[in-house]
Amino acid sequence: MGHLLWFFITSVCATLRKRIIPRGSAAEVLGKKQCIVALWHNRTFVPCYVYRYCVDHVVPMSMLTSASKDGALLTTVAEDYGMRTVRGSSNRRGVAGFRDMLRELKEGYCMCITPDGPKGPRYKSHPGVIRLASVSGLPILPLCIDLPHCWRINKAWDGFAIPKPFSRINVVIGEPIYVPADIDEEQQKAYMEKLDTALAYGRPDFEYNET
């Protein structure tokens, strides 16, 4: 099933008109330096394809998937794109998953995380991604994916979005966010809010402006 899902995603993504828009120093980081890529859970249809085929990258990517059966499908998809995965979430294997992500970073991989996963609330970051950036010293790179024409799975908690074939997508890469070491709880909340703001682009209530 995972291989079939990979084939479906690849077939749809190959038809899309993609525009990649780096902000500030983002172009100097994505694919070229180690970082922690963050994107909303309902935008996970296209990023593996984009990183594999549309970004000039020299740094390999690993991604966090849940320890559930759905996570097993996504693990197969990611591996078919040549990426590694870490199984875990805030609900299951949380501590072990965090250690595994640090290990991936130490081995030279980037790490891709959905900060509002695995169960929401939608568009609200959990502290894990902030802690990972603080401990590792690597920047968080907000990845905002605008899908002007898409289907939504409204029964899913995140309103998962699937772009319609031959439609246009805009991939905006935000400014890197650096988190200091040894931050306290209040600082952690402040960085969570900063990441939420950086990822606001691509939400259904955000209107894309060509300028």
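Which residues does F45 touch, not counting residues up to four places away in sequence? They are F8, I9, V12, C13, F160, A161, I162 and P163, where contact means heavy atoms within 4.5 Å.

## Before we start

This is a predicted model, in which local features need pLDDT of at least 70 and side-chain atom pairs count only at pLDDT 80 or more, while totals for chains, interfaces and linings use all residues. Residues are numbered from 1 along each chain as its sequence is written, and side-chain values use heavy atoms, with hydrogens and water left out.

## The sheet

Let us begin with the strands. An open sheet is built from seven of them, in the order β1-β9-β6-β2-β5-β3-β4, and its pairing is mixed. Here helices (H or I, at least four residues) and strands (E, at least two) are DSSP runs, numbered from the N terminus, and two strands pair if DSSP finds at least two bridges between them. At the edges sit β1 (17–22) and β4 (84–87), each pairing on one side only. On average, neighbouring strands are turned by 25° against each other, direction ignored.

Look next at β2 (residues 36–38), which runs parallel to β5 (residues 110–113) over three bridges. Within this pair, I36 stands opposite M111. Helix α5 (residues 128–136) packs on the sheet and touches β2, β5 and β6 (140–146); its direction makes about 160° with that of β2. For such angles, axes are lines fitted to C-alpha atoms, for helices over the stretch in contact, and the angles run from 0 to 180 degrees between N-to-C directions.

## A hairpin to find

Strand β7 (residues 150–153) pairs with β8 in the antiparallel sense over four bridges. The hairpin has six residues between its strands, and G159 takes a positive phi near 60°.

## Two nonpolar cores

A nonpolar core is a set of buried Ala, Val, Leu, Ile, Met, Phe, Trp, Tyr and Cys residues joined through side-chain atoms within 4.5 Å. Buried means under 20% relative accessible area, exposed over 50%, and partly exposed in between (1.4 Å probe, protein chains only). The largest core has 37 residues, and V37, F45, V46 and Y51 have the most contacts inside it. Among the elements that give two or more residues to this core are α1 (2–13), α2 (47–54) and β9 (168–173). Helix α2 gives the most, with four residues. Apart from this core lies another, of 28 residues, including W40, F98, L105 and I113.

In α2, the residues P47, C48, Y49, V50 and Y51 are buried. Their cover includes α1, β1, β3, β5, β6 and β9.

## A cavity inside

The lining has 15 residues, of which V37, P47, Y51, M61 and L143 lie nearest the centre. Helix α2 gives the most to this lining, with four residues.

## A stop at K124

K124 is found in the loop between β5 and α5. This lysine counts as partly exposed because its relative accessibility is 49%. K124 touches W40, P115, D116 and D196, leaving aside residues up to four places away in sequence.

How values were computed: 1 Å grid on protein atoms, 1.4 Å probe; cavity = no way out; pocket = protein on both sides within 12 Å on 5 of 7 lines; lining within 4 Å.
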